[in-house]
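Subject: The structure I promised you

Hi,

Here is the structure I said I would pass on, and my notes follow below it. Have a look at it first, then read on.

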Amino acid sequence: PLRQKLKENYSLTCLKMVDERVSQVDGTRKYLFGLEDGHVIESVWMQYHHGNSVCISSQVGCRMGCRFCASTLDGLERNLRPSEMLEQIYRIQSITGERVSNVVVMGSGEPMDNYDNVIRFLRLVSDEKGLNISQRSLTISTCGIVPGIRKFAEEGLAVTLALSLHAPNDEVRKTLMPVANSYKLQDVLEACHYYYEKTGRRLTFEYSLVRGVNDNLDEARALTALIRDQHGHVNLIPVNPIKERDYVQSGQKAIQDFKNLLEKNGINVTIRREMGRDIGGACGQLRRSYKEASAVPQCTEG
Ligand code: SAH
């Protein structure tokens, strides 16, 4: 009877490892995991001085439509359950034999578009009966869904919020991110400030530099003015070109000049190290190349 009850009420899932790629440059590992229903998702394991970090996906695909992002090219397939988000970490820990100390929800998917499951995941992964990872070591990245950010501020979670900014004004932002048609930058930043006030957590502003689109010095100046009063820092990401679009990475000099200008104006800024560049690029690129090369795999026992 117990077996019957378990079968009816619970599921025992295990992600199947479909592919593992190890970077020859920095040891970063990328995983393609197969889900029960045959979909595949992507997760990344990175080693830093301060510990091991895992980047997880929160959805299969994405419906936000950011122009430079590979995850969204085929739209959203479905939301991931909390167990499927946790499982990405458990599987990677057992494969690498290493403990994960930081988790970033920066893989495929928009966390605010799968809100309840992501919140449940954050509570479980930080629970002392779970992996017990400190909430301060968890980061979620959003494209800027205002009601989601405001609601998230009320959850009593001390996790870091990263905002995908990518432009210093609505006009440029709309060309890169369709979500900018729904929410004005000013409202997004007010919501971010509210998050800071409620949680005391400093924010991260992600800014992917695209040559000729958002990387000139006037834009750096406008960015300075935009976030001067925010509590947070800017993380510059040289855009990782995808073959479906003709966006090009900014040159080294443009990236440095952009950074210097922000710094001179008192903004904390870092340039994101490109981890695992040789093994499938950014968000969703590995999954996409796999989907193109083969039929969707069937989940098998074992
Ligand atoms: N939906 C969330 C998580 C996305 S992935 C969000 O929008 O924040 C994490 C970051 O990588 C986001 O800032 C996203 O805009 C950025 N990104 C996606 N594809 C990229 C690419 N090809 N080059 C550079 N940054 C990219």
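Let's start in a loop: Asn132 is found between helix 3 (115-126) and strand 8. Helices (H or I, at least four residues) and strands (E, at least two) are DSSP runs here, numbered from the N terminus. Before going further, a word on the source: this is a predicted model, where local features need pLDDT of at least 70, side-chain atom pairs count only at pLDDT 80 or more, and totals for chains, interfaces and linings use all residues. Residues are numbered from 1 along each chain as its sequence is written, and side-chain values use heavy atoms, with hydrogens and water left out.

Back to Asn132. This residue has a positive phi of about 60° although it is not a glycine. Most residues other than glycine have a negative phi. Is Asn132 buried or partly exposed? Asn132 counts as partly exposed because its relative accessibility is 43%. (Buried means under 20% relative accessible area, exposed over 50%, and partly exposed in between, with a 1.4 Å probe and protein chains only.)

His166 also has a positive phi, near 65°, and is a residue other than glycine. His166 sits in the loop between strand 9 (160-164) and helix 5 (170-176). With a relative accessible area of 4%, His166 is buried.

**The ligand**

His166 brings us to the ligand, which is surrounded by 18 residues, the closest being Gly109, Ser141, Ser164, His166 and Asn240. A residue is near a molecule if one of its heavy atoms lies within 4 Å of it. That shell divides into eight nonpolar, eight polar and two charged residues. (Ala, Val, Leu, Ile, Met, Phe, Trp, Tyr, Cys and Pro count as nonpolar, Asp, Glu, Lys and Arg as charged, and the others, Gly among them, as polar.) Strand 8 (138-142) and strand 10 (203-209) each supply at least two residues of the shell.

Now for the atoms. An N or O atom in the side chain of Ser141 is 2.6 Å from an oxygen atom of the ligand. A backbone N or O atom of Gly109 lies 2.9 Å from a ligand nitrogen atom, and a polar side-chain atom of Glu206 is 3.3 Å from a ligand oxygen atom. How much of the ligand does the protein bury? Taken alone the ligand exposes 540 Å², and the protein buries 95% of that. (Accessible areas come from the Shrake-Rupley method with a 1.4 Å probe; for residues, only the protein chains shown count as cover.)

**Gln59**

Gln59 is in strand 5 (residues 59-61), and counts as buried because its relative accessibility is 1%. Its side chain is joined to that of Asp113 by a polar contact of 3.1 Å. (A polar contact is a pair of N or O atoms within 3.5 Å; within protein, one must be able to donate a hydrogen and the other to accept it, and residues adjacent in sequence count only if both atoms are side-chain atoms.)

**The cores**

The largest nonpolar core has 71 residues, of which Ile89, Phe121, Phe152 and Val234 touch the most other members. A second, separate core of seven residues includes Met46, Cys55, Met106 and Ala162. (A nonpolar core is a set of buried Ala, Val, Leu, Ile, Met, Phe, Trp, Tyr and Cys residues joined through side-chain atoms within 4.5 Å.)

Happy browsing!
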